[in-house]
Amino acid sequence: MHGIPYMTEQSMLTLINTNRMVPPIAPIGLDYVAASVRKAGIDVDVLDLCLCDDPDAALRNYFAAHSPELVGISFRNADDSFWPSAEWFVPALAETIRNIRTLTDAPIVLGGVGFSIFAERIVEHTGADFGIRGDGEKAVISLLKELRRGRGFERIDGLIWRQACPERSRGNGPIRSNKPAWPSPLSLATNRDAINNFAYFQRGGQCGVETKRGCNRCCLYCADHLAKGVTLRLRDPAEVADEVESLIGQGVEVLHLCDSEFNIPREHAYAVCEEFVRRSLAERVRWYAYMAVVPFDAELALIMSRAGCVGVDFTGDSACPSMLKAYRQSHLKEDLASAVRLCREHGIKVMIDLLLGGPGETSETVAETIDFIKRVEPDCAGAALGVRIYPGTGMADVVAGEIPLAGDISPRLPAGVPRPVAGAKAETNPNIHRRYDGPVDFFRPTFYISQALGPRPAKLVRDLIAGDKRFFEPMEEILPETATTGQSTDHNYNDNTELVEAIKKGARGAYWDILHELRSS
Ligand code: B12
C-alpha cells in the first residue's frame with residue numbers, strides 16, 4: 001500500500017493493482033482514479049500488489065484491518081498480445097477475485113484497458129460484481145454514490161453490472177452494459193501521488209503521462225476505440241506540464257507518453273511541446289512517445305527535441321503499399337523514410353514497429369518491408385509477427401468474412417493458397433493461430449498469420465532479417481523440431497528478465513531503447 005499506513009479501519013474505496021509483470025509499469029490509471037476520488041472527498045486506499053513481495057499476504061493483512069465499501073481492481077493487460085507466447089492473464093484475475101471474496105464482502109468493480117476491451121466477458125468470466133469500461137475517474141464516484149443511495153446503476157457511464165435477482169444478495173441476473181461517456185475536454189488531477197511513482201521509475205525505467213485520450217483512426221487491428229473512444233479528448237498543455245513537474249518532483253527523470261499516438265492531432269502535440277519548452281522541462285526530464293508516421297514534419301521534430309523527446313516508436317506496420325492499405329494506414333512507405341530522417345536530424349532515436357503476417361501478407365511483401373526498413377536505417381525495428389484479433393475490430397470482421405478488405409488481396413495470394421471465403425468458419429481458417437483448444441474465441445489470445453507465409457513464418461521473417469541487429473526478431477514457435485533454448489530476440493516486455501537486469505544496473509528509458517543498447521553492444 002502506498003502513502004497510507006495500516007491505520008484506517010474503514011476506507012470507502014480500496015483500489016488494487018494486479019499487474020505484476022516485470023519490468024513493472026506504474027498503474028497510471030489507478031493514480032488518476034484515486035486522485036479523482038480523493039478530490040471528491042471520498043477516502044481511498046491503494047493496495048499495489050506489484051510492489052509487494054507476497055501479494056497473498058498483502059491482501060490478507062490489508063483486509064484483516066480494513067472493511068472498504070467497494071473494492072476496485074485494475075486490469076491493464078488481458079494478455080500479452082504477443083505471438084508465440086500468447087499468455088492469457090484472465091484466469092489469474094479470476095483467481096485473485098476468488099481470493100479477495102474470501103477476505104471481504106465488499107462488492108468488486110473492475111477497470112483498466114485490458115478490462116475495457118473485453119468488459120462483459122471479463123465480468124462474466126471472473127464473477128466480479130461490476131466493471132467500468134473506459135474512463136474511471138467519474139464513473140467510480142457515481143458507483144459509490146449509487147451503492148449508497150438508489151442503486152440506479154443504469155445511470156452510471158460505462159458501467160457493466162448484473163441486474164438484481166431478488167432472492168440473492170448479489171446481483172446475479174443478466175449482465176447489463178451502459179455506454180461510456182468519453183468526457184471531453186479531458187481534465188485530470190496532476191499531483192500523481194496515489195502510487196509510488198519513484199519505485200516504478202527505479203524498477204521500470206520510466207513512468208507515464210497522458211496528453212489526451214481517444215483515437216479517431218480506424219486501423220484494421222486496433223482495439224483502442226473500445227477502451228478510449230473514437231474522439232480525440234485533449235488535455236490542456238499546461239495541465240500536462242504541471243503533471244510532468246509533479247513526477248519530476250518525485251525523482252522521475254524519464255517518461256513514456258501514454259497516448260496511443262502522440263502526434264494526433266499534430267497541433268496538440270506541438271502545443272504540449274511548446275509548454276514543455278516554455279518551462280525548460282528538457283533540462284529535467286527526457287521522454288519517449290508512440291507516434292503515427294504521419295503527420296510528422298521538421299517543425300514538430302524540432303520542437304519535440306527541444307521539449308525533451310529522446311525517442312519515438314512509430315506505428316510503421318509495413319513498408320509494402322498493399323499491406324499499408326490492408327491495415328488502413330494513411331502513411332506511405334516514403335513517409336517512413338522521411339520520419340526516420342527527421343528524427344536523425346533532430347537527435348531523436350527512432351524505432352519502427354512492424355506488424356507482419358496480416359491479411360494478404362506474403363513472403364514477397366515481408367521481404368519488401370524488411371528490405372525497405374534496412375535501407376531507411378532506423379535505430380531499431382520491431383518485427384512482430386501475428387496480429388492479435390480483437391472483437392469489435394476490422395480484423396474480427398475480416399476473419400468473419402463479413403467485409404471485403406480495403407485492398408483486393410486475393411489476386412496476390414500465390415497459387416495453391418486458398419482464398420478467404422465469405423462466412424467461412426474461424427475454426428477452419430488456416431490463418432488463425434492460437435494456443436487453446438475448442439471454438440475460436442477472440443477473448444482468448446488469437447492471432448492472424450497469413451498462411452501464405454508457409455508453415456514456419458517466424459523462420460521466414462528471421463531469414464529475411466538475416467541477423468541484422470537493428471531488428472527485434474520474432475521468436476520461433478516452440479515446435480519440437482524448432483525448439484531452442486537461446487536468448488530471446490524479440491521485444492516482448494512480458495517478464496523480460498534481460499530488461500529487469502539492465503534496469504537494476506541503472507539503464508533507464510523506453511524498453512526498446514534499453515534492449516537495443518544491450519543487444520547492439
Ligand atoms: C503506453 C503503453 C505502453 C507503454 C507503457 C509506458 C508507461 N510508462 O506507462 C509500454 C511500451 C511500456 C507498454 C508495454 C506493454 N503493453 Co502497452 N500500452 C500502452 C498504451 C498506449 C497506454 C496505456 C496507458 O497507460 N493508458 C493511460 C491510462 C490512464 O489509462 P488506463 O490504464 O486505461 O486507465 C483508465 C481506465 O482504464 C480506468 N481504470 C484503470 N484502472 C481502473 C481500475 C478501476 C477499479 C476502475 C473503476 C477504472 C480503472 O480509469 C483510468 C483513467 O480513466 C495502451 C493502449 C491504450 N491506448 O490504452 C497499450 C496497451 C495497454 N498495452 C498493451 C500490451 C499488451 C502491453 C505489453 C503486455 C506488451 C508486451 N507484450 O510487451 C506490455 C506490458 C507492460 C507491463 N509491465 O504491464 C495492450 C493491452 C491489450 C490487452 N490484450 O490487454 C494495449 C491496450 C495496447 C494494445 N492494443 O495492444 N505499453
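Where helices α10 and α11 touch, R266, A269, Y270, C273, E274 and V277 of α10 meet E299, L300, I303, M304 and R306 of α11, with contact taken as heavy atoms within 4.5 Å. Helices here are DSSP runs of H or I with at least four residues, strands are runs of E with at least two, and both are numbered from the N terminus. The contact residues split into 7 nonpolar, no polar and 4 charged; Ala, Val, Leu, Ile, Met, Phe, Trp, Tyr, Cys and Pro count as nonpolar, Asp, Glu, Lys and Arg as charged, and the others, Gly among them, as polar. Helix α10 covers residues 266-278 and α11 residues 298-306, and the two pack at about 35° with axes 8 Å apart. The axes are lines fitted to C-alpha atoms, for helices over the stretch in contact, and angles run from 0 to 180 degrees between N-to-C directions. The crossing of α10 and α11 is left-handed, that is, the near helix is turned anticlockwise from the far one by less than a right angle.

All of this comes from a predicted model, in which local features need pLDDT of at least 70, side-chain atom pairs count only at pLDDT 80 or more, and totals for chains, interfaces and linings use all residues. Residues are numbered from 1 along each chain as its sequence is written, and side-chain values use heavy atoms, with hydrogens and water left out.

On to the strands. An open sheet of 7 strands runs in the order β8-β11-β12-β13-β14-β15-β19, with parallel pairing; two strands pair if DSSP finds at least two bridges between them. The edges are β8 (207-209) and β19 (471-472), each with a single partner strand, so one side of each has no neighbour in the sheet. Strand β12 (residues 286-291) is joined to β13 by 5 bridges, and A289 has V312 of β13 as its bridge partner. Strand β13 (residues 309-317) is largely enclosed by the rest of the structure, because 8 of its 9 residues are buried. Buried means under 20% relative accessible area, exposed over 50%, and partly exposed in between (1.4 Å probe, protein chains only). Further along, β14 (residues 349-356) and β15 (residues 380-385) pair in parallel over 6 bridges, with D353 opposite G382 in β15.

Another parallel pair is β3 (residues 70-74) with β4, over 4 bridges, where G72 has V109 of β4 as its partner. Strand β4 (residues 108-111) is covered on both faces: I108 and L110 on one side, V109 and G111 on the other, are all buried.

As for cysteines, the structure holds 0 disulfides, a disulfide being a pair of cysteine sulfur atoms within 2.5 Å. C215 has its nearest cysteine sulfur, that of C222, 6.3 Å away, and C215 is buried at 12% relative accessibility. The sulfur of C258 is too far for a bond, at 9.3 Å from the closest cysteine sulfur, in C207; C258 is partly exposed at 37%.

Most residues other than glycine have a negative phi, and most peptide bonds are trans. Yet W83 and P84 are joined by a cis bond, omega about 10°, and P84 lies in the loop between β3 and α3. V294 and P295 are also joined by a cis bond, omega about 0°, with P295 in the loop between β12 and α11. A466, not a glycine, has a positive phi of about 50° and is exposed at 56% relative accessibility.
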